[in-house]
Amino acid sequence: MKTGARLLVEGLQREGVETIFGYPGGAVLPIYDELYDAPLRHVLVRHEQAAAHAADGYARASGKTGVCLATSGPGACNLVTGIATAYMDSVPLVAVTGQVPTTMLGNDAFQESDITGITFPITKHNYLVKEAAEIGQVVRDAFFIAGTGRQGPVLIDLPKDVMTTQVEHVPEVREARLRGYQPTYEGHPRQVERAVALIREAERPLLYIGGGVVASGAAVEVLALAELTAVPVASTLMGLGAVPCDHPLSLGMIGMHGTEAANFAVTECDLLIAVGVRFDDRVTGRVEAFAPNAAVIHIDIDPAEIGKNKPVDVPIVGDAKLVLRAITAKLARQERGDGWLSRVRRWQEEGAGAAGTADGLSPAAVIRQMNALLDENAIVVSEVGQNQMWTAQHYCFRRPRTWITSGGLGTMGYGFPASMGAQFACPDETVALVAGDGSFQMNIQELGTVVEYDLPVKVVILNNLYLGMVRQWQELFYDRRYSYTELRPVDFVGIAKAYGVEGMRVENPDEVGPALEAAFDAEGAFVLDVRIEREANVFPMVPAGAAINEMIGRRGG
Amino acid sequence: MRPHTLHVLVENRAGVLSRVAGLFSRRGFNIESLAVGTCEEPGMSRMTIVVLGDDARIEQVKKQLNKLIDVIKVSDITEQSTVDRELALIKVAAEPGEGRAEVMQVAGIFRAQIIDVGPKSVILLVAGDSEKIDALERLLRQYGIKEFVRTGKIALMRGMKGGR
């Protein structure tokens, strides 16, 4: 005889789960009672949203499926932003929620919410489990769905009586086999052939890589193809780190705040090899002007992404790693006519260095000093906004899974809890969060969690007393009318101290290096409040709806 | 833009209809008609969905449907040789006498059955393609339609299963 709650915990263990992030409540008490002496680490966060973000950060850093747990109603609803964040960035996540007893379902009972209904659009799949005996299989299927194909979040909603029901005959858990879910991994041989032919013939090819490359573990394969056939590589925000930023073929980030080299190259290329990307509007700008003269090869594990935003000449559904291997195996070493690569190199040189004003404490300088102090295995997490784009532009990511950021949903408040999750996944690596003063205040209560679990997360707040990115848009597109984007000064060091975290404020450029060193050398967590130049902007920038090469604020442009 | 008829084979489980319908609404695809019921495979249901759109949009609809875990198979049968039917029940004002006789005559022409007769109305049952039902509705409007209900379209490919 086993209770449903026991079956859940056993199911999680069977899937190899070691750490879960959660917050207790009435409807999940049977699970918490099981967790009391289960060989699983439960991390008590201070807000359910942080549980979801922490599980997400854990998943991104480790490549494993993250797990979070919340009670019914408000607890479950507080997970929603975190689940949606994971969904948009294809992060494997299993969220377990408590639910009112089945007898009260649909009665608007205390702390009831239709969380499966609420999360339909933001989960890969979800379950409302009504039979305790099914729990083991549901957990197996949920992890299978979350962690395979195009990864994503799966929610399991468990009514309280299902958790307490005693199951007499526990059914054996079989391999997940779902009639309606069979991802394709191998690329179609004929399409692979067509891709090979296009790569051989192209004069101005460009690789355009994204988060799918990181998810599939295809970084080595991307670089192999790039080097073998001399193709430059532009990366989306989510793909940074897949190819070392200082590799000669790396053009850095493409898109709204991308590099000149990447954005000009995509405009002029005659072949675009898109791998694990989804032609997001923040990348393409005006989509008709994105790679306007190029044949397009699109490799993606999700067939629905192929041709969704941009017509594709060679669609290849499959896992990036396997498809790239198949393509590279058919290619010989290739030299490109000097023209294309030297042209690309010229754009790289012209765009090197950040544009911007020289007075005050420059955010770019802070990021570059971080880069100088941290090794290539350090994990850098960001919040959302200017801090995120400055980090993406000026930090040199060299390895996959060392860059953790909310791309698709752009979730402020994501970074701090995600950095906790990353630190749990990689306890021996330095985890540094770059935050804005606005976004840090969205989940600032997690300072409590950081202290409780001795997480040595380093927080670097680029503090400009503004919601900086919104202010930048108001400056550029709303006639400098800064409507509700100015923030009161906050004593972040005092707040950190109140929670028991060390901190330091930095106001002069020459203090930045020593302060960062002090933070990175500190035993525990550290909060650096860096007062940057107030109206620094993120440049270059492609205004929304403009063509990708119509950048403003570029060096010499 | 033209109507496409999709066959969607799904797991017969609670919530599947709302998953499918929800997918259409949140992605801005407009369902013209949707009919669902059990089918020849145990544990599965077949939906017949008519959706309006150009080829690229319909392609996206199919791909998004395929992503749902509970969806087993999606087929666009628009270009296939099919038989399709809709069913309608129409309550028409028909006083005893000349009016009722006329309504019954119209019903006869359309091969609609009279399935109920009341003091001031009759109920017609008609099966056919959408145009036939539209035509009958138009014709009966002059007598006064009191209530009108129609199912969505259901369709099957002619010949052997799988279009062979």
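# Briefing on chain A

A:V527 touches A:L447, A:V459, A:I461, A:F492, A:A496, A:V501, A:E502, A:G503 and A:M504, leaving out residues up to four places away in sequence. Contact here means heavy atoms within 4.5 Å. The model is predicted: local features need pLDDT of at least 70, side-chain atom pairs count only at pLDDT 80 or more, and totals for chains, interfaces and linings use all residues. Residues are numbered from 1 along each chain as its sequence is written, chains are lettered from A and ligands numbered from 1 in the order in which they are written, and side-chain values use heavy atoms, with hydrogens and water left out.

**Nonpolar core**

- A:V527 is also among the residues of the largest nonpolar core that touch the most other members.
- Helix α3 (residues 48-62) of chain A gives the largest share, eight residues.
- A nonpolar core is a set of buried Ala, Val, Leu, Ile, Met, Phe, Trp, Tyr and Cys residues joined through side-chain atoms within 4.5 Å.
- In soluble globular proteins, nonpolar side chains tend to be buried together.

**Overall build**

- Chain A holds 23 helices and 20 strands. Helices (H or I, at least four residues) and strands (E, at least two) are DSSP runs, numbered from the N terminus.
- The radius of gyration of chain A is 24 Å, close to the 24 Å that the globule rule gives for 557 residues, so chain A is as compact as a globular protein of that length. The radius is taken over C-alpha atoms, and the rule is 2.2 Å times the number of residues to the power 0.38.
- The C-alpha trace of chain A spans about 75 × 60 × 40 Å along its principal axes.
- Of the 557 residues of chain A, 59% count as buried. Buried means under 20% relative accessible area, exposed over 50%, and partly exposed in between (1.4 Å probe, protein chains only).
- Chain A exposes about 21300 Å², and carbon and sulfur atoms supply 50% of it. Accessible areas come from the Shrake-Rupley method with a 1.4 Å probe; for residues, only the protein chains shown count as cover.
- Among contacts in chain A between residues at least 6 apart in sequence, 76% join residues at least 24 apart.

**Annotated domains**

- UniProt (unreviewed entry) places "domain: Thiamine pyrophosphate enzyme N-terminal TPP-binding" at residues 3-116 of chain A. That span is 43% helix and 18% strand, with its end C-alpha atoms 23 Å apart.
- UniProt (unreviewed entry) places "domain: Thiamine pyrophosphate enzyme TPP-binding" at residues 384-530 of chain A. Residues 384-530 are 39% helix and 16% strand, and their end C-alpha atoms are 17 Å apart.
- UniProt positions follow the numbering used here, feature names are shortened, and annotations may be inferred rather than shown by experiment.

**Two buried sites**

- A:V129 sits in the loop between β6 (125-128) and α7 (135-147) of chain A. A:V129 counts as buried because its relative accessibility is 2%.
- Beyond four places in sequence, A:V129 touches residues including A:I156, A:D157, A:L158 and A:P159.
- A:S439 is in helix α19 (residues 437-440) of chain A. A:S439 has 2% relative accessibility, so it counts as buried.
- A polar atom of the A:S439 side chain lies 3.3 Å from the backbone nitrogen of A:G436. Beyond four places in sequence, A:S439 touches A:E383, A:V384, A:N387, A:M412 and A:G413.

- A:Q393 is in helix α17 of chain A. A:Q393 counts as partly exposed because its relative accessibility is 23%.
- A:Q393 and A:F539 are 146 residues apart in sequence, yet 9.3 Å apart C-alpha to C-alpha.
- Beyond four places in sequence, A:Q393 contacts A:M253, A:H257, A:V538, A:F539 and A:P540. A polar atom of its side chain lies 3.0 Å from the backbone oxygen of A:H257.
- The peptide bond from A:F539 to A:P540 is cis, with omega near 0 degrees. A:P540 lies in the segment after β20 (526-531) of chain A.

**Positive phi**

- A:F279 is not a glycine, and its phi is positive, near 50 degrees. A:F279 lies in the loop between β12 (271-275) and α13 (281-284) of chain A. At 3% relative accessibility, A:F279 counts as buried.
- A:R401, also not a glycine, has a positive phi of about 65 degrees. A:R401 lies in the loop between α17 (386-394) and β16 (403-404) of chain A. At 24% relative accessibility, A:R401 counts as partly exposed.

Notes:
Polar contact = N/O pair within 3.5 Å; in protein donor to acceptor, adjacent residues only side chain to side chain.
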